Amino acid sequence: MRVLLDSNLPRAFAGLLPGHRIETTHQRGWSDLDDGPLLDAAEPVFDAFVTMDQNLRFQQNLRGRILRIIVIRGRSNRLVDLMPAGPLVLDALATMSPGELRTISV
């Protein structure tokens with residue numbers, strides 16, 4: 001699965017998602033895009049988007065999207081705090097349907 005990591009996650013988080021093709025918004029040159037244009041750009045290229053943006057579901061109309069969106073709720077965006085999220089994100093990627101949004105708390 002092709003997965004896009006938001007700029008609010010450390011690049012090293014990609015190492016917690018083996019078996020998937022991971023890119024970051026920074027690698028794509030999309031770091032400066034607001035949420036709506038970012039989702040528009042990501043949808044034709046990626047299967048899933050992983051973020052820590054808690055307000056995404058309230059600020060964007062997600063109806064009709066096919067991109068799977070995973071929102072991680074954690075103490076911080078430091079890798080040490082996010083490590084428990086790795087297996088949960090892997091499980092979510094394996095079980096989510098296109099267009100589904102899932103929140104994972106760690």
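A salt bridge is taken here as a side-chain nitrogen of Lys or Arg within 4 Å of a carboxyl oxygen of Asp or Glu. By that criterion the structure, a predicted model, holds 6 salt bridges.

**View 1. Strand S1 and its two parallel partners.** Strand S1 covers residues 2-5. Strand S2 (residues 21-24) runs parallel to S1 and is joined to S1 by 4 bridges. On pairing with strand S3 (residues 48-51), S1 is again in the parallel sense, over 3 bridges. Val-3 takes part in both pairings: Ile-22 stands opposite Val-3 in S2, and Ala-48 is the bridge partner of Val-3 in S3.

**View 2. Side chains of strand S1.** In a regular strand the side chains alternate between the two faces of the sheet. In S1, Arg-2 and Leu-4 point one way, and Val-3 and Leu-5 point the other way. Arg-2, Val-3, Leu-4 and Leu-5 are all buried.

**View 3. Asp-35, a buried acidic residue without a salt bridge.** Asp-35 belongs to helix H2, which spans residues 35-42. The residue is buried and has no salt bridge. Arg-65 is the nearest side chain of opposite charge, at 9.8 Å, and a salt bridge requires a nitrogen-to-oxygen distance within 4 Å. Apart from neighbours within four places in sequence, the contacts of Asp-35 are Asp-53, Leu-56, Gln-59 and Gln-60.

**View 4. The salt bridge between Glu-43 and Arg-65.** Side chains of opposite charge can pair when their charged atoms come close. The closest N and O atoms of Glu-43 and Arg-65 are 3.1 Å apart. Glu-43 lies in the loop between H2 and S3, and Arg-65 in the loop between helix H3 (56-59) and strand S4 (68-73), so the pair ties together parts that are 22 residues apart in sequence. Glu-43 and Arg-65 are both buried.

**View 5. The salt bridge between Arg-75 and Asp-81.** The side chains of Arg-75 and Asp-81 meet at 2.8 Å, N to O.

**View 6. The network of Arg-2, Glu-23 and Arg-28.** Salt bridges with shared partners join Arg-2, Glu-23 and Arg-28 into one network. Within this group, the side chains of Arg-28 and Glu-23 form a salt bridge of 3.1 Å, N to O. Arg-28 is partly exposed, its relative accessible area being 30%, while Arg-2 is buried in strand S1.

Key: Residues numbered from 1 in each chain as written. Predicted model: local features only at pLDDT ≥ 70, side-chain atom pairs only at ≥ 80, totals over all residues. Heavy atoms only, no water. Buried < 20%, exposed > 50% of the residue type's maximum accessible area, 1.4 Å probe, protein only. Pairing = 2+ DSSP bridges. Lys, Arg positive; Asp, Glu negative; His and termini not counted. Contact = heavy atoms within 4.5 Å.
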